[in-house]
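Biologist: Before I rely on the words used for this structure, I would like to hear what each of them rests on. Could we go through them one at a time?

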2 protein chains.
Amino acid sequence: MNRRIRVFAPATVANLGPGFDVLGLALSRPGDELEAELSDRPGVEIVEVTGDGGQLNCDPHRNVAGRAAGDVLRRANARQGVRLWLHKQMPLASGLGSSGASSAAGAVAVNELLGRPLAQMDVVLSAMEGERSASGTPHADNVAPSVMGGIVLIRSYEPFEAIALPVPERLHIAVVHPHCKVSTSEARRLVKERTYSLDLIVPNIGNAATLVAALYRGDLPLLGRSIDDRIIEPLRATLIPGFASVKAAALDCGALGCSIAGSGPSIFALSDDHAAAQKIGDAMQAAFRTAAGLASDLYVGKVSADGARVVEHAASSIAR
Amino acid sequence: MNRRIRVFAPATVANLGPGFDVLGLALSRPGDELEAELSDRPGVEIVEVTGDGGQLNCDPHRNVAGRAAGDVLRRANARQGVRLWLHKQMPLASGLGSSGASSAAGAVAVNELLGRPLAQMDVVLSAMEGERSASGTPHADNVAPSVMGGIVLIRSYEPFEAIALPVPERLHIAVVHPHCKVSTSEARRLVKERTYSLDLIVPNIGNAATLVAALYRGDLPLLGRSIDDRIIEPLRATLIPGFASVKAAALDCGALGCSIAGSGPSIFALSDDHAAAQKIGDAMQAAFRTAAGLASDLYVGKVSADGARVVEHAASSIAR
């Protein structure tokens with residue numbers, strides 16, 4: 001019998017407030033699941049992808065989990081291969097780091113199967129290899145928190161350095177995913193093709209620095225004030241029907257801060273209390289319906305302290 | 001007899017690394033001194049300015065200390081006036097916050113004489129009024145640390161919010177002031193007239209956020225790595241003869257990080273040890289001489305935990 005493991009990798013909120021490409025957090029839910037087992041045949045085989053509505057590729061070179069898995073095999077100089085079953089349990093192109101979670105799941109699963117030859121930071125790098133194939137650019141504010149859990153700051157890409165930040169105990173997050181699509185590559189083009197004046201840059205630097213101070217101080221009102229993005233949000237808000245109404249609804253309902261999750265269309269809001277976060281999320285969903293006629297999903301929870309992890313071992317039913 | 005006080009206000013390093021307009025620290029030395037006493041005649045009288053080589057104006061409306069002092073009188077609804085004696089003890093237009101220190105001294109002195117009617121944050125705002133008259137734009141990363149001491153983060157200017165950050169115990173700073181001039185307004189024009197791409201902005205946001213994390217962690221190597229400014233330093237370095245050689249000398253000598261102080265021409269370097277900071281400063285002075293034929297002053301010390309403060313009481317010899 002071959003040992004098969006099941007890994008859960010959390011969804012994430014990247015581009016957190018003023019921290020475009022540098023700040024992200026892991027959500028307690030949703031997330032992706034991936035089953036994996038070693039194989040005597042070298043390389044990566046993707047046996048099955050479920051929950052994707054037929055949108056994802058089973059070619060391991062064109063699937064983010066497959067590429068991340070392959071990169072771990074390469075870094076670990078593994079002679080064996082892996083077989084993967086990817087179970088998408090979160091919406092694609094939602095702003096919640098769907099490809100990042102699949103990448104994280106692929107990298108963590110293979111590292112586990114091989115007996116953890118790679119340090120966590122190398123697992124993040126392998127997951128970035130998967131994410132790169134989805135987005136075309138190497139960014140880690142989704143994959144790093146999906147691998148590491150918690151709230152993660154990316155100091156530098158060359159060389160790569162990621163820093164785990166403290167998570168205030170009472171922090172709760174409401175994330176609303178409206179049923180509309182924003183193309184990640186279009187959302188990136190929109191902000192990459194421009195240049196920005198210091199009048200916009202200085203407040204973002206000040207607020208990103210403040211966000212970190214607020215986490216260390218455990219000061220949630222200060223954290224809320226730091227969710228103030230002058231650079232990206234005004235541009236990407238135009239891609240999200242009803243954005244202004246939904247943000248106003250969140251803040252009117254007492255949210256400490258509110259902005260776009262990842263490249264959208266999901267919107268997140270912060271609170272210091274679970275019931276309040278639920279109420280804020282309800283108000284955001286109502287605003288999406290009223291302002292834009294959009295149905296939506298709501299996720300309410302804390303930051304996940306854990307990143308991608310084994311959730312269940314199962315004996316493989318497939319003969320070698 | 002009228003009570004006369006003497007206030008010392010520390011020089012500062014503003015635009016700290018990646019934190020243009022948002023991060024600054026107070027130096028233990030140099031600094032400005034200001035004597036002040038209340039007067040029955042309303043408004044501000046500047047009796048004397050020494051140490052300025054005749055460059056500063058004694059008109060209280062055209063002198064930063066005078067304007068800051070006047071702003072405290074206004075905020076406190078004082079019926080009395082003040083007389084000021086300003087003793088410049090640091091170079092003008094050096095990048096060490098000379099006008100910010102004079103502004104801080106003026107504001108703090110008057111607030112002391114009046115029995116501290118204003119909270120510290122209002123004293124900072126009054127000092128900003130002084131600084132504004134020197135630079136034309138309201139920025140606080142000089143005046144806030146000169147008033148408050150320590151390392152200060154400016155989250156926002158509208159509304160104004162400044163945050164005191166922790167100062168690692170072993171942090172030492174070498175600042176070298178070469179004997180050449182950089183106009184603050186020219187240095188600002190150079191960076192304000194342009195716009196910047198995300199390729200430059202993202203690393204600065206990541207490093208400014210990291211700088212804060214490093215202070216809370218007391219991680220000096222991480223603090224050093226965060227002194228990485230892609231936006232401002234490359235432009236302003238062109239205004240400082242020998243900059244590249246001086247920075248290379250500092251880093252070769254073991255500096256944790258090195259960049260321009262304020263708008264230059266002074267250059268600062270960080271170290272975790274006093275003797276090492278002295279050696280780094282010596283190497284920077286030698287590099288200024290060799291690379292640009294410039295003499296310089298060197299200041300070595302810790303971050304000043306104290307901001308502008310009364311250092312000596314003296315009975316006035318001037319009759320009311």
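Modeller: Let us begin with the rule for helix length: the expected span of a helix is 1.5 Å times one less than its number of residues. Please keep in mind that this is a predicted model.

Biologist: How do you know that the length of helix H6 (residues 198-217) of chain B agrees with that rule?

Modeller: The 20 residues of H6(B) should span 28 Å at 1.5 Å a residue, and the end C-alpha atoms of H6(B) are 28 Å apart, so the two values agree. After the helix comes B:Gly218, with a positive phi near 65°.

Biologist: What makes you say that H6(B) is largely enclosed by the rest of the structure?

Modeller: A residue is called buried if 20 or more other C-beta atoms lie within 10 Å of its own. Of the 20 residues of H6(B), 15 are buried, and the helix is therefore described as largely enclosed.

Biologist: Which element gives the largest share of the side of chain B that touches chain A?

Modeller: The contact between the chains takes 34 residues from chain B and 34 residues from chain A. On the chain B side, strand S5 (151-157), strand S6 (160-165), helix H5 (184-192) and H6 each give two or more residues, and the largest share, 15 residues, comes from H6(B). By class, that side has 22 nonpolar, 9 polar and 3 charged residues.

Biologist: How do you know that helix H1 (residues 64-75) of chain B is largely enclosed, and what do its buried residues pack against?

Modeller: In H1(B), 10 of the 12 residues are buried, so this helix is largely enclosed by the rest of the structure. Among the buried residues are B:Arg67 and B:Asp71 as well as B:Val64 and B:Leu73. The buried residues of H1(B) pack against strand S2 (23-39), strand S3 (43-50), strand S4 (81-87), H2 and H3 of chain B. The length of H1(B) passes the test too, because its 12 residues should span 16 Å and its end C-alpha atoms are 16 Å apart. Just after H1(B), B:Asn77 has a positive phi of about 50°.

Biologist: How do H1(B) and helix H2 (residues 98-113) of chain B cross, and is the crossing left-handed or right-handed?

Modeller: The axes of H1(B) and H2(B) come within 7 Å and cross at roughly 35°, and the crossing is right-handed. Among the residues that meet there are B:Ala65 and B:Ala69 in H1(B) and B:Ser102 and B:Gly106 in H2(B). The residues of this contact divide into 10 nonpolar, 6 polar and 1 charged.

Biologist: What is the crossing angle of H1(B) with helix H3 (residues 120-135) of chain B?

Modeller: The axes of H1(B) and H3(B) come within 8 Å and cross at roughly 140°, again in a right-handed crossing. The residues that make this contact include B:Arg67, B:Asp71 and B:Arg75 of H1(B) together with B:Glu129 and B:Glu131 of H3(B), and by class they are 7 nonpolar, 3 polar and 6 charged.

Biologist: Why is A:Ser126 called buried?

Modeller: A:Ser126 has 29 other C-beta atoms within 10 Å, and it is therefore buried, since the cut-off is 20 or more. A:Ser126 lies in helix H3 (residues 120-135) of chain A. Leaving aside residues up to four places away in sequence, A:Ser126 touches A:Ala68, A:Asp71, A:Val72, A:Arg75 and A:Ala107.

Biologist: What makes the phi of B:Asn15 and that of B:Ala93 worth a remark?

Modeller: Most residues other than glycine have a negative phi, and most peptide bonds are trans. B:Asn15 has a positive phi near 50° and is found in the loop between strand S1 (3-13) and S2 of chain B. B:Ala93 also has a positive phi near 50°, in the loop between S4 and H2 of chain B. Each counts as buried, because B:Asn15 has 27 C-beta neighbours inside 10 Å and B:Ala93 has 21 other C-beta atoms within 10 Å.

Biologist: Which peptide bonds in chain A are cis?

Modeller: The bond from A:Arg29 to A:Pro30 is cis, with omega near 5°, and the bond from A:Glu158 to A:Pro159 is cis, with omega near 0°. A:Pro30 lies in strand S2 of chain A, whereas A:Pro159 lies in the loop between S5 and strand S6 (160-165) of chain A.

Note on methods
Residues are numbered from 1 along each chain as its sequence is written. Chains are lettered from A and ligands numbered from 1 in the order in which they are written. This is a predicted model: local features need pLDDT of at least 70, side-chain atom pairs count only at pLDDT 80 or more; totals for chains, interfaces and linings use all residues. Axes are lines fitted to C-alpha atoms, for helices over the stretch in contact, and angles run from 0 to 180 degrees between N-to-C directions. Helices (H or I, at least four residues) and strands (E, at least two) are DSSP runs, numbered from the N terminus. A crossing is left-handed if the near helix is turned anticlockwise from the far one by less than a right angle, and right-handed if clockwise. Two residues are in contact if their C-beta atoms, placed from the backbone, lie within 7 Å. Ala, Val, Leu, Ile, Met, Phe, Trp, Tyr, Cys and Pro count as nonpolar, Asp, Glu, Lys and Arg as charged, and the others, Gly among them, as polar.
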